[in-house]
Every structure is written in C-alpha cells, then in structure tokens.
Amino acid sequence: MPELAIPERKQPYRKFTPEQMVRALEESKGLIAPAARALGCSRATVRSYIDEYSAVAQAKLDQEEAVKDMAENALYAAILRGEAWAICFYLKCRAKDRG
C-alpha cells in the first residue's frame, strides 16, 4: 500500500515583521485601529499578530500600561490643582475604604 503524503503545515503569509507591528502599536499607544491604519492593514491582521507573536502582545500590554500611568498622573495633577471632579472621582474609586 502506498504511503499517503502528509502535507506540511504552512505558516500563514506575513506581510509585516513582528518588529513593524510592535513599532505601530507603540506609536498608536496600543490602540489597534490606528496601528492598522498606519500599516495599511485590517484590525484583524493586527489582532492575528497579537495572537501569534508574544512580543507583539507584550508591546500592546506595555502601551496600555503606559497610557494608564499617564491618566493616573493627569488625575493626580488635577487633584493637586484642587479640581473638585478629580477629588470626587478619586475618593469614589480609590478611597472607598475610607467611608
């Protein structure tokens, strides 16, 4: 009986390098749609790179953390300026344990 040829599993075609994807995510602060626009590809393409390459996924997470840090710094600055909305927001969200 002849042996059946098992086709090799091919890697999907990749137009961009993981490094290009990382750079686009860094420039877009981790936002998928702007990164896709900058590269000229779909959001699904960016998501597939995030799923496939750990470095790309880590870059997205790193940028999300950086944006959170910027937002927290801006909130802190607003608190120092005595802005009531910022003080109220902070107390409601972060100081619940104080009553």
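Predicted model: local features only at pLDDT ≥ 70, side-chain atom pairs only at ≥ 80, totals over all residues.
Residues are numbered from 1 along each chain as its sequence is written, and side-chain values use heavy atoms, leaving out hydrogens and water.

**Overall layout**
- The chain has five helices and zero strands, where helices (H or I, at least four residues) and strands (E, at least two) are DSSP runs numbered from the N terminus.
- Read along the sequence, that gives α-α-α-α-α.
- Of the 99 residues, 23% count as buried, meaning under 20% relative accessible area, with exposed over 50% and partly exposed in between (1.4 Å probe, protein chains only).
- Take the contacts (heavy atoms within 4.5 Å) with a separation of 6 or more: residues 24 or more positions apart account for 50% of them.

**Helix α4**
- Helix α4 covers residues 54-80, 27 residues in total, and reaches 39 Å from its first C-alpha to its last, close to the 39 Å expected at 1.5 Å a residue (1.5 Å times one less than the number of residues).
- Its buried residues are Val56, Ala59, Lys60, Gln63, Leu75 and Ala78.
- Those buried residues pack against α1 (18-27), α2 (32-39), α3 (43-52) and α5 (84-94).
- Glycine 82 follows α4 and has a positive phi, near 80°.

**Surface spots**
- Ile87, Tyr90 and Leu91 make a nonpolar surface patch of about 260 Å²; patch residues have over 30% relative accessible area and no salt bridge, and nonpolar side chains (Val, Leu, Ile, Met, Phe, Trp, Tyr) are joined within 5 Å, like charges within 9 Å.
- A salt bridge here is a side-chain nitrogen of Lys or Arg within 4 Å of a carboxyl oxygen of Asp or Glu.
- Tyrosine 90 sits in helix α5 and is partly exposed, at 37% relative accessible area.
- Threonine 45, in helix α3, is partly exposed too, at 24% relative accessibility.
- Threonine 45 and arginine 14 are 31 residues apart in sequence and 9.3 Å apart in space, C-alpha to C-alpha.

**Cysteines**
- With a disulfide taken as a pair of cysteine sulfur atoms within 2.5 Å, the count is zero.
- The sulfur of cysteine 88 has its closest cysteine sulfur in cysteine 93, 8.7 Å away, so that's too far for a bond.
- Cysteine 88 is partly exposed, at 36% relative accessibility.

How values were computed
Areas by Shrake-Rupley, 256 points an atom, 1.4 Å probe, with all protein chains shown as cover.
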